[in-house]
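Dear colleague,

I am handing over the structure below for your review.

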Amino acid sequence: MEVEARVIYRPDVEAESFIRQYHVETRRPGIETRLSAWARDPVLTEEELAYGARVAWRNSTRCIGRLPWAALQVRDRRYVTQPDEIFTELIEHLRMAYAGGKIRPVISVFGPGVRIVNDQLLRYAGYVQADGTVIGDPQNVALTQYLQKLGWAGGKGTSFDLLPVAIQSDTGRTELFTLPQDVTQEVLITHPDCPAIGDLGLRWPALPVISNMTLSVAGQHMTCAPFNGWYLQTEIAARNLADEHRYNMLPAVAQALGLDTSRRRSLWQDRALVELNVAVLHSFDQAGVRISDHHAVTRQFERFAAEEARAGRRVRGRWSWLIPPLSPATTPVWSRQYLDQEITPNFVRQTPAWTTPRSAARCPMHAG
């Protein structure tokens, strides 16, 4: 569901286009009446917001899992603008989305002028050591340091310390909140045939809630609109845990498997990568947590493309993001071509808070 839009926004044109699209696709009469009303009071109705959020997912060029776009549950919380109230709603979002492991796609849209600093609600800290190495997730070093400047004392110093959630108000003040344990479900990574992989102590959050993207609908930009689907196993096993600039676990997995790592020609990296993917799928299944695999989701994308064609819409997609990082040539998207073009409604990546002037604001720490 992740995109980075490269479009020039024209609110008046976008609003009219969206309203016409909404009425045509939902078969609602009264387009001209609604356009006149919009000119007087440009506020999305709850139904328009829900439709716009779903279409934003449908338009997300980097997302391979768009088949259930119409099933996105939209929580209209535009009346909520205070950080503590937003945090309360985030807890409810996590509970609703997790659904006992039967993860449901959910988006919560909050009021204007606020944002969540974290790129996802559940992220692990990255602690830089004196020798330059990192304990935890190297991707989150800048975020971790920013949160520490805001007053976070840090976690236990393990490789999997969950970060607090930073919420920035419309005044620029940032407040930190600690998520309660009952909404921070994690899956311990084990392997069905290799106990030594389980001994590595790997884990990953059960639920991916993207929280640093702006929802753009009808020329309006909602900067606090966290949303989730469910994980694709390659996101965790072929990127987060495997990439050299992330957890870089392939050497340790290869050692656990007893592979010859003295030469790349032994294909130890490839074999370790496959088995790490096996471990992640096995672990989520054992935990009863919904997860997709790259073979199933690419075939579902074929169904999505067929449905879009029947509706008279051209599928837009960034091929380099749609192909999986594991065995891409075995999937149907490998031989396909898509239009790499961003249109609205859509999700737009935000500039990290610590690179903007507002990032200097300090905050108290709250426990959820």
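**Charges over rings**

Arg290 lies over the face of Trp230, 3.6 Å from the ring centre. A charge is taken to sit over a ring if NZ of Lys or CZ of Arg is within 6 Å of the ring centre and within 35 degrees of the ring normal. Arg58 likewise lies over the face of Trp69, at 4.7 Å from the ring centre.

Please note that this is a predicted model, in which local features need pLDDT of at least 70 and side-chain atom pairs count only at pLDDT 80 or more, while totals for chains, interfaces and linings use all residues. Residues are numbered from 1 along each chain as its sequence is written, and side-chain values use heavy atoms, with hydrogens and water left out.

**Aromatic pairs**

A search of the whole structure finds 14 aromatic pairs. Rings of Phe, Tyr and Trp (its six-membered ring) pair if their centres lie within 6.5 Å; planes under 30 degrees apart count as stacked, over 60 as edge-to-face and the rest as tilted. The ring centres of Phe18 and Tyr22 are 6.3 Å apart and the planes stand at 20 degrees, so this pair is stacked. Both residues belong to helix α1 (residues 11–26), where they are four residues apart, about one turn of the helix. Helices (H or I, at least four residues) and strands (E, at least two) are DSSP runs, numbered from the N terminus.

Tyr22 also pairs with Tyr51, in an edge-to-face arrangement with 5.1 Å from centre to centre and 65 degrees between the planes. Because Tyr22 lies in helix α1 and Tyr51 in helix α3, this pair ties together parts that are 29 residues apart in sequence. Tyr22 is buried, at 5% relative accessible area, and Tyr51 is buried at 7%. Here, buried means under 20% relative accessible area, exposed over 50%, and partly exposed in between (1.4 Å probe, protein chains only). Elsewhere, ring pairs link Tyr124, Phe160, Trp204 and Tyr247 into a cluster.

**A sheet and the helix packed on it**

Three strands form an open sheet in the order β12-β11-β14, with antiparallel pairing. Two strands pair if DSSP finds at least two bridges between them. The edge strands, β12 (220–222) and β14 (346–349), each pair on one side only. From one strand to the next, the twist averages 30 degrees. Strand β11 (residues 213–217) is joined to β12 by three bridges, and Ser216 has His221 as its bridge partner in β12.

Helix α3 (residues 46–58) packs on this sheet, touching β11, β12 and β14, and its direction makes about 120 degrees with that of β11. Contact means heavy atoms within 4.5 Å. Axes are lines fitted to C-alpha atoms, for helices over the stretch in contact, and angles run from 0 to 180 degrees between N-to-C directions.

**Loops with particular backbone geometry**

Ala218, in the loop between β11 and β12, has phi near 55 degrees, a positive value in a residue other than glycine. Ala218 counts as buried, at 5% relative accessibility. Ala99 also has a positive phi, near 50 degrees; this residue lies in the loop between α4 (83–98) and β2 (106–110). At 27% relative accessibility, Ala99 counts as partly exposed. The peptide bond from Thr344 to Pro345 is cis, with omega near 0 degrees, and Pro345 lies in the loop between α11 (319–322) and β14.

Yours sincerely
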